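This report treats charged side chains and backbone geometry in one protein model. The sequence and the coordinates are shown first.

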Amino acid sequence: MHLVVNSTCNRRISDSFNIVIFIAAYLTKYLMQTKSVEVRCDVYCKWDGNDTRYRLYVNDELFTERTWIWNCKDYYLEEVIAIEAPSGLHKIRYELLEPTGSKLKIRNMRVASKNAAIHEDQITLEIPSS
């Protein structure tokens, strides 16, 4: 009799655990939905001629690391940043890697799609909830 009761209890615990996993997956998928946003900006570099590398972060997540190779002040890159993120505010920042005497300027940050907006500070992306 003890084995039958124990087996029934284990099955109920297992079923309860499966229900909790299902609810967690549901909440993650439907309450924390992400949106695809395409952000563009113009990256200018006052290049010192040395190996100039920079990193792009969204919030604290490293998106890419690049090396500047163009030796001309008239060149710039149009960076395209494909972001998949939940609603809210997200910081976009660039960081030069040491050692460098180069300077980096980011201009004209904009959202290519209509489902988000860049704040006036030119580093904050806002993805609305609907």
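## Positive surface patch

Strand β6 supplies the largest share of the positive patch, namely three residues. Strands and helices are DSSP runs numbered from the N terminus, with at least two residues (E) for a strand and at least four (H or I) for a helix. The members of the patch are Lys46, Lys103, Lys105 and Arg107. A patch consists of residues with over 30% relative accessible area and no salt bridge, like charges being joined within 9 Å and nonpolar side chains (Val, Leu, Ile, Met, Phe, Trp, Tyr) within 5 Å. Lys and Arg count as positive, Asp and Glu as negative, while His and the chain ends are not counted. Each charge is placed at NZ of Lys, CZ of Arg, CG of Asp or CD of Glu.

Lys105 lies in strand β6 and is partly exposed, its relative accessible area being 49%. Buried denotes under 20% relative accessible area, exposed over 50%, and partly exposed the range in between, with a 1.4 Å probe and protein chains only. The areas come from the Shrake-Rupley method with a 1.4 Å probe, and for residues only the protein chains shown count as cover.

## Basis of the values

The model is predicted: local features need pLDDT of at least 70, side-chain atom pairs count only at pLDDT 80 or more, and totals for chains, interfaces and linings use all residues. Residues are numbered from 1 along each chain as its sequence is written, and side-chain values use heavy atoms, with hydrogens and water left out.

## Salt bridges between strands

Side chains of opposite charge can pair when their charged atoms come close. The structure holds 10 salt bridges, a salt bridge being a side-chain nitrogen of Lys or Arg within 4 Å of a carboxyl oxygen of Asp or Glu. One of them pairs Arg40 with Glu78, with the closest N and O atoms 3.5 Å apart. Because Arg40 belongs to strand β1 (residues 34-46) and Glu78 to strand β4 (residues 76-86), this pair ties together parts that are 38 residues apart in sequence. Both partners are partly exposed: Arg40 has a relative accessible area of 26%, and Glu78 has one of 41%.

Asp42 forms a salt bridge with Arg110, in which the closest N and O atoms are 3.6 Å apart. Here strand β1, which holds Asp42, is linked to strand β6 (residues 103-111), which holds Arg110; the two residues are 68 residues apart. Asp42 is buried at 9% relative accessible area, whereas Arg110 is partly exposed at 23%.

Asp121 sits in the loop between β7 (117-118) and β8 (124-127) and Lys91 in strand β5 (residues 88-96), so the pair ties together parts that are 30 residues apart in sequence.

## Positive phi angles

Asn59 is not a glycine, yet its phi is positive, at about 55°. Asn59 occupies the loop between β2 (52-58) and β3 (61-68) and is partly exposed, with a relative accessible area of 33%.

Gln122, likewise a residue other than glycine, has a positive phi near 65°. Gln122 is found in the loop between β7 and β8, and its relative accessibility of 31% counts as partly exposed.
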